[in-house]
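Subject: Handover of a structure and notes on its features

Dear colleague,

Please find the sequence and the structure below. My notes on what was found follow them, and I would ask you to read the notes with the structure open.

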Amino acid sequence: MDKNWTLNERGRRAAQELLPQLPVKIFDIHAHIYRTQDLKAAGDSLWAEGPKEVPIREWRAGWEEVVGGERLAGGLFFPVPMLAADLRSQNDYIVSQLEKEPSSRGLIIVTPDDNLQQIAAYLEHPQIAGFKVYHIYSNEKPTWGSSIRGFCPEWVWQEADRRGMVIMLHMVKDRAIADPDNVREIRDMCTQYPHAKLILAHAARCFHAPNAKGISALRGLENVYFDSSAVCEPEALKVILQQFGPRKLMWGSDYPVSQIRGKSVTVGDGFVWLEPGFGKWDQTAHLGRPILAGIESLRALLTAAADVGLNEQDLEHIFYCNAARLLRLEPEPRNATQELYAHAKKRIPGGVQLLSKRPENMAPGKWPAYFREARGCEVWDMDGVRYYDMSTTRRILPAWISRPRCDPGRRPQSEYGKHVLSEPAGGSRVGRYAVRASPLGRSSPFH
Ligand SMILES: [Zn+2]
């Protein structure tokens, strides 16, 4: 059986099947680069099996084989947390690599034993976007049961808040995001430090898919994001999409974990990695043999996206735009809602379907004429500004705006509903589209 790090024919075929769904531009929000001399890893391991140096160039070569090089726009790179590793050298290596890759960004690794003075110079680097923290450095033992503050000290939150930086968090405790203490800490810190941007790695560490039930407890936090890295089952990714929508989830490879030949799967009350040494594949497997985990994870993400009914634009956000926005890679459009309304007024009398929904009836030039997402009573306009919908007495409203975005056969109408205080953007992209696609369109004045 082939080893880690190599893309074999089975893996190549699996990847080929995914390519038609992939956007043309992708950014990897979770990837590690390193030199083994800095890791000081002992014994057989993924790290020892691979190259002695794994720069961004190596990441690119590995993923180029899977998705094609022209797609890879860049990545967010950070060190490998290991107890014996030289973290200072690792941080220096990240900076030296970033300087060769202007479209990428990096995180520095910090521990509770560090202080701001020691690492402040890194934060001035224009390509350093924040902090990587990890439980093995916690003073709470065993560290698998550590609180978040045990390995992510408050000065990290303060500095991330002050600079609008990222904290990459791989939380621990057996139940991960289903653990009420983890939820409480995340809610407290994200509320206290609203400009810090928290990425919950590995789908809020939902390698055990049923733990994803805890994700809904984070609803309402605008500075929480998720990456898909190394999660090989779609269930938790679907929960994120249902609870937080497509603007909060990002594709991450967890390179070089993506180069492991295997798959993480939910079993009993935990999870296991099905790797070549796990069982007697020749005797027990029907055709199935492990392929690279990065391909399994990509397949799970695309499956979740299809199941939830995401469209091409949503996938562009998951694979690139969300990271670009989070890391400020590109200037953000600021007036998309009003610009779309101005455009629509040239195509649709009054700009919207019903006179009563015209923004001029409310606050001309300010009212969110169109929304792009709605969950529960929360509505987001085209610029990503969130509103609480409390302005109508129509009893139909709650039913419509909480309707799941999951009916690809009836898009765009069935995702959002029409009879709410603002118009869904899909419909606004012109009457012809709204009428054709809409079950309500049959009764619309444009039909
Ligand atoms: Zn990682």
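Of the contacts in the chain with a separation of 6 or more, 69% are between residues 24 or more positions apart. Please bear in mind that this is a predicted model. The chain has 447 residues, and 46% of them are buried. Its secondary structure comprises 18 helices and 16 strands.

The sheet

An open sheet is formed by 8 parallel strands, in the order S1-S4-S5-S6-S7-S8-S9-S10. Strand S1 (26–32) and strand S10 (249–250) are at the edges with a single partner strand each, so one side of each has no neighbour in the sheet. S1 runs parallel to strand S4 (residues 72–78), and 5 bridges join the two. Ile 26, for example, has Leu 72 of S4 as its bridge partner.

Further into the strand order, strand S5 (residues 105–109) pairs with S6 in the parallel sense over 4 bridges. Here Ile 108 has Phe 131 of S6 as its bridge partner. How many of the residues of S6 are buried? The count is 5 of the 5, so S6 is largely enclosed by the rest of the structure.

In a regular strand, side chains alternate between the two faces of the sheet.

Helix H7 and its surroundings

Helix H7 (residues 154–163) has Val 156, Trp 157, Glu 159 and Ala 160 as its buried residues. These pack against helix H6 (116–123), strand S6 (128–132), strand S7 (166–169) and helix H8 (180–192). Just after H7 comes Gly 164, with a positive phi of about 65°.

Two helix pairs that share H12

Helix H10 (residues 234–244) packs with helix H12 (residues 293–308) at an angle of about 45°, and their axes are 8 Å apart. That angle makes H10 oblique to H12. The crossing of the two is right-handed. On the H10 side the contact is made by Pro 234, Leu 237, Lys 238, Leu 241 and Gln 242, and on the H12 side by Ala 300, Leu 301, Thr 303, Ala 304, Asp 307 and Val 308. By class, these are 7 nonpolar, 2 polar and 2 charged residues.

Helix H1 (residues 9–18) also meets H12: the axes come within 10 Å and cross at roughly 25°. Are H1 and H12 roughly parallel or oblique to each other? Angles under 35 degrees count as roughly parallel, and H1 and H12 are therefore roughly parallel. Their crossing is left-handed. Gly 11, Ala 14, Ala 15 and Leu 18 of H1 make the contact with Ile 295, Leu 298, Arg 299 and Leu 302 of H12. This contact has 6 nonpolar residues, 1 polar and 1 charged.

Backbone details

Most residues other than glycine have a negative phi, and most peptide bonds are trans.

- Lys 141 and Pro 142 are joined by a cis peptide bond, with omega about -10°; Pro 142 is in the loop between S6 and H7.
- Tyr 255 and Pro 256 are also joined by a cis peptide bond, with omega about 5°; Pro 256 lies in the loop between S10 and strand S11 (263–267).
- Ala 203, in helix H9 (residues 201–205), has a positive phi near 50°. Ala 203 is buried, with 33 other C-beta atoms within 10 Å.
- Arg 328, in the loop between helix H13 (312–326) and helix H14 (336–345), has a positive phi near 55°. Arg 328 is exposed, with 11 other C-beta atoms within 10 Å.

Yours sincerely

How values were computed
Residues are numbered from 1 along each chain as its sequence is written. This is a predicted model: local features need pLDDT of at least 70, side-chain atom pairs count only at pLDDT 80 or more; totals for chains, interfaces and linings use all residues. Axes are lines fitted to C-alpha atoms, for helices over the stretch in contact, and angles run from 0 to 180 degrees between N-to-C directions. Angles under 35 degrees count as roughly parallel, over 145 as roughly antiparallel, 65 to 115 as roughly perpendicular and the rest as oblique. A crossing is left-handed if the near helix is turned anticlockwise from the far one by less than a right angle, and right-handed if clockwise. Two residues are in contact if their C-beta atoms, placed from the backbone, lie within 7 Å. Ala, Val, Leu, Ile, Met, Phe, Trp, Tyr, Cys and Pro count as nonpolar, Asp, Glu, Lys and Arg as charged, and the others, Gly among them, as polar. A residue is buried if 20 or more other C-beta atoms lie within 10 Å of its own, exposed if 12 or fewer, and partly exposed in between; C-beta atoms are placed from the backbone. Two strands pair if DSSP finds at least two bridges between them.
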